[in-house]
Structures are given as C-alpha cells and as structure tokens.
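Subject: Structure for you to look at

Hello,

I am passing on a structure that you have not worked with before. Please open it first; my notes on what was found follow below.

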Amino acid sequence: MVKNGSQHISQLRDGREVYLNGQAVGDVTMHPAFRNSIRSYASLYDFQARPENIEAMTFASPDTGDRVSRIWQMPTSYDELVERRRMLEAWTELHFGFMGRSPDHVASCISGMVMGIDVFEQYDAKRAGALRDYYKYARDNDLFLTYVIVNPQANQSKAAHEQEDKYLAVGIVDQDHEGITVRGAKMLATSGIMANEVFCSCIQPLKAGDEMYALSFAIPMNTKGLRVLSRKSYEENAASVFDNPLASRYDENDAVLYFDDVKVPWERIFVAGDTAMCAKQFHATPAHSYQNYQCQVRLMVKLRFLVGIAMKITEVNGTNTFPQVREMLGQLAAEAAMIEAWVHGMEAKGQMAGGYFVPDRNLLYASQVVTQQLYAKVLNSLRELAGGGMIMLPSSIHDFENPMLASIIEKTQKSPVASAEERVKFFKLAWDAVGSEFASRHNQYEMFYAGATFVTKGHAYRTYDWQKATGLVDNLLGSYALSDEIRREPAAA
Ligand SMILES: Cc1cc2nc3c(=O)[nH]c(=O)nc-3n(C[C@H](O)[C@H](O)[C@H](O)COP(=O)(O)OP(=O)(O)OC[C@H]3O[C@@H](n4cnc5c(N)ncnc54)[C@H](O)[C@@H]3O)c2cc1C
C-alpha cells in the first residue's frame, strides 16, 4: 500500500489519549497545537502517492509485488542505497529538514534490525518471527512509526532498577501466554502524536538487575493505557504562518509516553528480559547505522537550507559584497558541503553485511560527533550575519492592518533587493530558523537526538581504525633507532 495524506490524517482519528495544557486533546488532527504539522506530514504521503513520483518514492514489495514506500527498502547494493537515499532526500526537502522523526527514521531502524535478523534468530526464533512479521505489516500498510528508546532522566548516577520508583522507566509488570504487561515512562516520542505506532525499547546500556527494562516492542498509539503527554506546542503559540513560517507548520512535537499497565501481545514483542540483546538489536545489526544514516541525509538538506538563509540575509542587507562577509559565507558553504561529503563517503565506503549494503559506520559516527557541535556554530554564524534585522520586526501581521503602522513599516524596512513586506517576511523566517523557541528546540534536538556527545564520541572511538593509525606511527618509529646514530660506551664497572 502507498498511503496518501488524507488516508494518514484519517488514521490519526483513532481515540489516542493525548494531553496538552491539562486537558485531553481529543481529535489531534483538528487541534490548533498539531493540525498544521500533521498536514505537513500528510503532504509527504501525498507526494509519494503522485503517479509521477511512484517510481522514485516506492519499490515493489518482495512479498506481495505491490508498490511500497522506499523507507522500508533493504538495499543489497551501493546503487540501491543511493536510490533509497534520493527518496529520503526528496522527502526531506518538503520539510526542509525540520521534521527529525519523519516516517523514514524509525522505518530505517526496523529495516536495519530485519537486515540483521540472524541476531534475533540466535536469541529466540519466536521473537525473530514477530519482528519479521511486524516489518512486513508496517511496510505493507505504510505505517508511520515513532520510537521511545530512552528512559526518563531522574537520577543519572543510578541504574534503572535503583531509581526511587521501580516503574519510573517502562518495565515488565507481569506476563502470561498472551503477552506482557508494562508500566512506566519513556522520553521522548518525537512525532508520536502524528504517528501510527510507537516502537518502545531501551538503547541505553542496562546493568545486571535491569532485566525488567530490557524490552523491545511496537504498539499502536491508541493502545489502551498509553498516555501521551505533549510538551508545549510551538504551533499553537505561533501567531500566524507569516509570523512563524516554521513553528506554525513543522512542529513535530516531543511527548513523554506513560504506559499505564499496557498489555503488549507476544506477536508485537521482539526482546523481553535480555539486557545484552537489547543493545545487540541496535549495534549487532545494521539498525543503528541505518537510523542514523537517515539523520545525516536529513541534516545535509537542513544545512543546505540554513546556508541558503545565510546567503539571503546578506543579499537582503546588501552586505554580500564585503570580503569579510563572503569569507563567512565560504565557511558556511564548506560546512554544509562537509556533511554532503560524509553522506557520499558513508555510501562509497559501505560494506555488505548478511546480504545487505550498509553505510560505513565510522564515517557515520564521525559525522554525528562533528555535527552535534556544528549545528550551534552554524546558527551563531547566521546570527552574526543578520545583526538586528531578525529582531527589528513588526510584532505581528496585525501591524500591517493599521495604516499608520503600515506606512512606518514601509519607510523603515529597507533593502536593496526586497520590498518592505518581503524583507519582513524573510527575516521572520530567518528568526524562526535561528532564534525562536522552535529554533532553540532544534538546536537541542541536533545536540541530543542520537545521545549525548559522550555517547556519540564513544561510537566514533569504537569504530575508528586505530590499528591503521597507530600502525603508521609504528612504521615511522621503526624507521630509525638510537643505536643507528650513537655508539654507547659500556658502563664502567
Ligand atoms: C528535542 C529532543 C527530541 C528527542 N526525541 C527522541 C525520540 O524521538 N526518541 C527517543 O527515544 N529519544 C528522544 N530524545 C531523547 C534523547 O535520545 C536523549 O535526550 C539523549 O539520548 C540523551 O539522554 P538524556 O537526555 O538522558 O541526557 P543525559 O544522558 O542525562 O546527558 C545529559 C548530560 O549529562 C552528562 N552525563 C550524563 N550521563 C553521563 C555519563 N554517564 N558520563 C558523562 N557525562 C554524563 C553529559 O554532560 C550529558 O551531555 C529526544 C531528545 C530531545 C532533546
């Protein structure tokens, strides 16, 4: 099945239990906190369903022969990986990289797990079967999945089972022949309010005694007992599209999920009670590589967009001919191109694993470590280029409705290339990308979506070819010796 936008929107009217500002939300598709962003997601589905895009955006399901979204494709060659990436890139361009947990993210993770199905087979044939069936079900029904794979912060110096409340993080309450009952919370279901289902697991290292938190399962967002606690909605607080062109339409949301004795059937459970397997599902299969490769493709598009904003700032302010400004633009251009180089490098240096072509892990982690730091730097460069222009703005669209204010705006919002209205329109967008509350959340997102920096640096450390590096040093050390240059006199007796 290749879903279109209206099909996706109607699927979200499923009675899910979402809370915002102390109230149950009801129909999320009509609520001012979520409706525009849901329509932005719907536009991705409309795009893929257009007859002229079917070839590029979908592939033939190996099981049914029907066309299904390429987000579920498991590439068996470099060419297929690139074909799939072009699809991810085309989708990302529709939201300019601002929807981090778009449907291609968790689909990449689950597909990666299935590419490493042997790891599940060695663990438990039934759980492997459940994962394989779920992958097919999600793919053939074009499901949008989100995931929650991190425990609430609480006391970070203690293990999950040592926290004050045993059920702070999602843990097993009991189990029977039908399935497992779980209780507790997870952070953060980005896009959860807009997705069909949630994959719940734990990517953080679990310790001995943490077995009850070693879980991996997927359930619909309207499952009984699943309570969704939205963070503040930037969309709801965006005065208008003109005033907040990004926050008003691309606020994917991040929610705490509370599982209030939720019953999960065995056919939806992929890991239960095995701490080692919980880590292996991500790291001993291509899952972690695929999910984070998707992130780098997205970031590549987002930085291209931000660099576009930078160039336009200088055009609108007439600063683009100054050598110092060109130098800054050159630096930004190099930074955006660096991510592009990484994406192409991961693909070119990819390897076959169990019949599938997997992007290179070390280049992937290198890119993550550097981009976690780079994003804030890029935002700062845009601030520096913009000066007060992003702040010297009418309070809202209503200022244009007052003739006296409108005439002052006309006289004061000057640019060598833009009318007053165009200048205001552009700088409102720039602020939403760089400095608004929405933009600030994006800075936090790019720093943390893949784990804290010590975590990503750990991955880079583990996957770097140290032998090649230290081997070079050894080769040099081996090319000379002290004894070649001096003759030592025997020590006096
Ligand atoms: C906007 C946003 C969206 C998110 N979306 C999702 C999502 O869709 N799904 C999901 O599962 N998760 C999501 N997350 C959660 C994200 O995965 C976590 O924030 C991330 O893994 C870091 O974990 P943490 O927040 O517990 O930070 P911590 O691990 O507590 O780290 C915070 C800081 O504490 C220090 N620190 C903590 N522990 C150590 C240690 N052992 N050694 C050294 N220093 C330490 C470091 O300075 C670190 O930077 C999201 C987070 C954000 C901010």
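**The domain interface and its salt bridges**

Across the interface of domain 1 and domain 2, the rule finds 7 salt bridges. Please keep in mind that this is a predicted model.

The domain assignment places domain 1 at residues 5-284 and domain 2 at residues 286-471. Their C-alpha centres are 25 Å apart. In the contact between them, 51 residues of domain 1 meet 45 residues of domain 2. About 4100 Å² is buried between the two domains, and 65% of that is on carbon and sulfur atoms. On the domain 1 side, R85, F98 and F242 supply 17% of the area buried against domain 2, which is more than any other three residues.

**Salt bridges in detail**

The search of the whole structure gives 29 salt bridges. One of them joins E93 and R304, with 3.8 Å from N to O. E93 sits in helix α4 (residues 78-95) and R304 in helix α10 (residues 287-317), so this pair ties together parts that are 211 residues apart in sequence. E93 is partly exposed, at 42% relative accessible area, and R304 is also partly exposed, at 33%. R304 forms a salt bridge with E89 as well, at 3.4 Å from N to O. These residues belong to a network of salt bridges that links R85, E89, E93, R304, E340 and E347.

A second pair to look at is D243 and K428, whose closest N and O atoms are 2.8 Å apart in a salt bridge. D243 lies in the loop between α8 (234-237) and β11 (255-265), while K428 lies in helix α14 (residues 420-434), so the pair ties together parts that are 185 residues apart in sequence. Are these two residues buried or exposed? D243 is buried, with a relative accessible area of 7%, and K428 is buried with a relative accessible area of 7%.

The side chains of R139 and D140 also meet in a salt bridge, at 2.9 Å from N to O. R139 counts as buried at 1% relative accessibility. D140 is buried too, at 18%, because the cut-off for buried is under 20%.

**Backbone points to check**

Most residues other than glycine have a negative phi, and most peptide bonds are trans.

- M187 and L188 are joined by a cis peptide bond, with omega at about -15°. L188 is in the loop between β7 (179-186) and β8 (197-201).
- A154 is not a glycine, yet has a positive phi of about 45°. A154 lies in the loop between β5 (145-148) and β6 (171-175) and counts as exposed, at 51% relative accessibility.
- D261 is not a glycine either, and has a positive phi of about 55°. D261 is in strand β11 and counts as partly exposed, at 35% relative accessibility.

**A nonpolar surface patch**

L472, V473, L476, L477 and Y480 form a nonpolar patch on the surface, and together they have about 520 Å² of accessible area. Of these, L477 is found in helix α17 (residues 466-478) and is partly exposed, with a relative accessible area of 47%.

Regards

Methods. Residues are numbered from 1 along each chain as its sequence is written. This is a predicted model: local features need pLDDT of at least 70, side-chain atom pairs count only at pLDDT 80 or more; totals for chains, interfaces and linings use all residues. Side-chain values use heavy atoms; hydrogens and water are left out. Patches are made of residues with over 30% relative accessible area and no salt bridge: like charges are joined within 9 Å, nonpolar side chains (Val, Leu, Ile, Met, Phe, Trp, Tyr) within 5 Å. Accessible areas come from the Shrake-Rupley method with a 1.4 Å probe; for residues, only the protein chains shown count as cover. A salt bridge is a side-chain nitrogen of Lys or Arg within 4 Å of a carboxyl oxygen of Asp or Glu. Helices (H or I, at least four residues) and strands (E, at least two) are DSSP runs, numbered from the N terminus. Buried means under 20% relative accessible area, exposed over 50%, partly exposed in between (1.4 Å probe, protein chains only). Domain bounds come from an automatic or database domain assignment. Contact means heavy atoms within 4.5 Å. Buried area is the accessible area (1.4 Å probe) that two parts lose on being put together, summed over both.
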